[in-house]
Amino acid sequence: MGYFKKLTANMSFNVRREEFEHWEEPKIKKALHIEFATRNSSSVKAFLPIACILALFIMSVYSFGVHWELYDFQLDYAIVYLALFVISFVFYFVVRHQSKNIEINDKKILATVSILTAFYMGWVSCLLFVNRNLEASIIVYTATIVIITQGVYLAPRFSAWFVTLSTTLFLITNFARNGIKELDFEAAVGIIILSFVSFIVSYSRYCNRCRAVYNEILIVEQNKQLDEMVKELQEQKHILEKTNDELENAYVRDSMTGLYNRWYWNKIFEETLEECKKAENFTAVYMMDVDNFKNINDTKGHSMGDKCLIAIAEVLERETKNIDNCDVFRMGGEEFVVFCRDIDKPNAIKLADAILKNIQNITIMGLDTMLTMSVGVHIQKVQNRSDIEEFIVKADKAMYESKNTGKNKVTLSF
């Protein structure tokens, strides 16, 4: 019992009802029609030329035999093989034409294959009437039923109907021609067994193909879903990265000027100077304070003060834009810092003069006074820990010296 169950399982005989229900879904059914139409048309286009050649060959041999008086001429025998040639020839071109657009002609192809199958079963029965050799008839019948069940794909109900009909016609034809006394029971039993096995094989091939197509469709749909999920995840990742960038900018940038803020300065200052120490480069820190800024706020209002700070920030960014490793910070209020790594003394002085000059050239509607800044610059190579600790002190001290000695000037500290 276990062996039989295993055998039927391997032959796809244990198809569940759920599987048939899935195969009847419109989308799956259409895909199966196209699949079977494609395979049937390929099989028929390959098989029909062989049938035509076989019919011509037999008719040629028979004609030579009649000519040389080896056989007696039988009109019905010639008509049967002529019908095989003509019908095979016609069906070949019909199927060839239909297979040019299988997606549209899938049902027509399946109908054509079914009609062709019925023709071959009828042809075998006709052959039994004209061929006196029962063994030859059995060989032809066997070849035909193998072609029906192996060469083409038919749904189980059609396969069962065709196999049963062909077997019944074969037995009835033999009985009608030979009578019950001369009926070859061994041949009849063999044909019945062959028919049963052929149906099982046909059924198994059909179900396996259905499963394969169904699984392919599932895989394609799952891949589409995965692609959509991946796309959605990528979009979410992009949004998350954008949000993170915005949060990071909001965390390290001054909200009004867009410059780096004091928090970020405190975070990177010491570790950056440590890197400068290893590279043995000159480093410059510019401490800057807007002159008389409180007076601007008091007389022109805080809105004008904000415009001044934004304009100054734009000047600082523009002047440091083309200098490598140079960042600008707003430390709070009207205080700014420019931090340049790897810059020599002449260029450091040149940058300070350019900043001071362009700050003086700022024009803002409603502001009738010139903007100026007091700038302190400390530049040196970082050699030890004490240099790092003194950098801000020296730059700040230089700035206050500028402010205390007349403002609108640059004081250098080396």
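This is a predicted model: local features need pLDDT of at least 70, side-chain atom pairs count only at pLDDT 80 or more; totals for chains, interfaces and linings use all residues.

Residues are numbered from 1 along each chain as its sequence is written, and side-chain values use heavy atoms, with hydrogens and water left out.

**The whole chain.** Show the protein chain as a cartoon, and you will find 13 helices and five strands, where helices (H or I, at least four residues) and strands (E, at least two) are DSSP runs numbered from the N terminus. Of the 414 residues, 41% are buried, a word that here stands for under 20% relative accessible area, with exposed meaning over 50% and partly exposed in between (1.4 Å probe, protein chains only).

**Confidence.** Colour the chain by pLDDT, the predictor's confidence in each residue from 0 to 100; the average is 80, and 84% of the residues score at least 70. Confidence is lowest in helix α1 (residues 2-10), with a mean of 42, and highest in helix α11 (residues 302-320), with 93.

**The disulfide.** Select Cys326 and Cys340 next, whose sulfur atoms lie 2.2 Å apart and form a disulfide, that is, a pair of cysteine sulfur atoms within 2.5 Å. Cys326 belongs to strand β2 (residues 326-332) and Cys340 to strand β3 (residues 335-341), so the pair ties together parts 14 residues apart in sequence. Both Cys326 and Cys340 are buried.

Now move to Cys207, whose sulfur has its closest cysteine sulfur 6.2 Å away in Cys210, too far for a bond. Cys210 is in no disulfide, and Cys210 is buried with a relative accessible area of 0%.

**Helix α12.** Finally, select residues 345-360, which make up helix α12, with 16 residues. Which residues of α12 are buried? They are Ala348, Leu351, Ala352, Ile355, Leu356 and Ile359. Looking down the axis of α12, you can see that these buried residues fall within an arc of 130° and so line one face of the helix, the arc being that of the directions from the helix axis to the C-beta atoms. Turn to the other side of α12, and Pro346, Lys350 and Lys357 are exposed. To see what covers the buried residues of α12, display elements including β1 (282-290), α11 and β4 (373-381).

Notes. The expected span of a helix is 1.5 Å times one less than its number of residues. Contact means heavy atoms within 4.5 Å.
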